[in-house]
Amino acid sequence: MEINDLIQKFSDSRENQQKAIFSTLFIAGNRLQTLFDHQIPDVTLKQFMLLSLVRQAPEPQTFTKLGELLGCSRQNVKKLAAALEKKGFVRIRQNPADIRAGQVCPTEKVEAYFQKEVSRYQRRLTDLFQAYSPEELALLFRLLMKLYAGIDYMEKELP
């Protein structure tokens, strides 16, 4: 079975298209993680994404908040942060406002790492989206942002 066979098979109805889109998101995520894990030095893609959030945050964020932003549990963030702390990228500390909550703080190594590796990461992103015209990329961006509305709706229905 080839991917083009699957595309053809699932293009005939809205229900099948929904199944194909959902499957594609899952499979594409796995494939991207594998690709970037092999091409980003020193950290996994998940660690890189956490570092990106920690770096961009105006102040240290809690495990819970970072989990919300990454779409994973606070326990997963805690594991990622612990691995990054061992590598010297972050420091984990208690939140001064709530001693039960851990915070992730960037070290100087984060900025140095991004200055060194951002061009490699940006080249890989450029390669990933090279087939898109500016209009197609803008449309894909808008459509993926709409997907968040569906995810938000589903999360609100959780018990």
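Which residues does Val43 touch, not counting residues up to four places away in sequence? In this predicted model, Val43 touches Phe48, Leu51, Leu84, Lys87, Phe89 and Tyr113.

In soluble globular proteins, nonpolar side chains tend to be buried together.

Ile21, Leu25, Phe141, Leu144, Met145, Leu147, Tyr148 and Ile151 make a nonpolar surface patch of about 730 Å². Helices α2 (14-39) and α7 (134-156) each supply at least two of its residues, and α7 gives the most, with six.

Leu147 is worth a look here. This leucine sits in helix α7 and has a relative accessible area of 35%, so it is partly exposed.

## Salt bridges

The structure has seven salt bridges. One of them joins Glu111 to Arg55, with the closest N and O atoms 3.0 Å apart. Because Glu111 belongs to helix α6 and Arg55 to helix α3, this pair ties together parts that are 56 residues apart in sequence. Glu111 is partly exposed at 35% relative accessible area, and Arg55 is partly exposed too, at 28%.

In α2, Lys19 and Glu15 lie four residues apart, about one turn of the helix, and their side chains meet at 3.5 Å, N to O. Lys19 is partly exposed at 41% relative accessibility, whereas Glu15 counts as exposed at 51%. In α6, Glu117 and Arg120 are three residues apart, again about one helical turn, and form a salt bridge at 3.0 Å, N to O. Glu117 is buried, with a relative accessible area of 5%, while Arg120 is partly exposed at 35%. Lys116 joins Glu117 and Arg120 in a network of salt bridges.

## The cysteines

How many disulfides does the count come to? The count is zero. For Cys72, the nearest cysteine sulfur is that of Cys105, 18 Å away. A disulfide needs the two sulfur atoms within 2.5 Å, so Cys72 is in no disulfide. Cys105 is likewise in no disulfide, its nearest cysteine sulfur being that of Cys72.

Note on methods: Residues are numbered from 1 along each chain as its sequence is written. This is a predicted model: local features need pLDDT of at least 70, side-chain atom pairs count only at pLDDT 80 or more; totals for chains, interfaces and linings use all residues. Side-chain values use heavy atoms; hydrogens and water are left out. Contact means heavy atoms within 4.5 Å. Patches are made of residues with over 30% relative accessible area and no salt bridge: like charges are joined within 9 Å, nonpolar side chains (Val, Leu, Ile, Met, Phe, Trp, Tyr) within 5 Å. Accessible areas come from the Shrake-Rupley method with a 1.4 Å probe; for residues, only the protein chains shown count as cover. A salt bridge is a side-chain nitrogen of Lys or Arg within 4 Å of a carboxyl oxygen of Asp or Glu. Buried means under 20% relative accessible area, exposed over 50%, partly exposed in between (1.4 Å probe, protein chains only).
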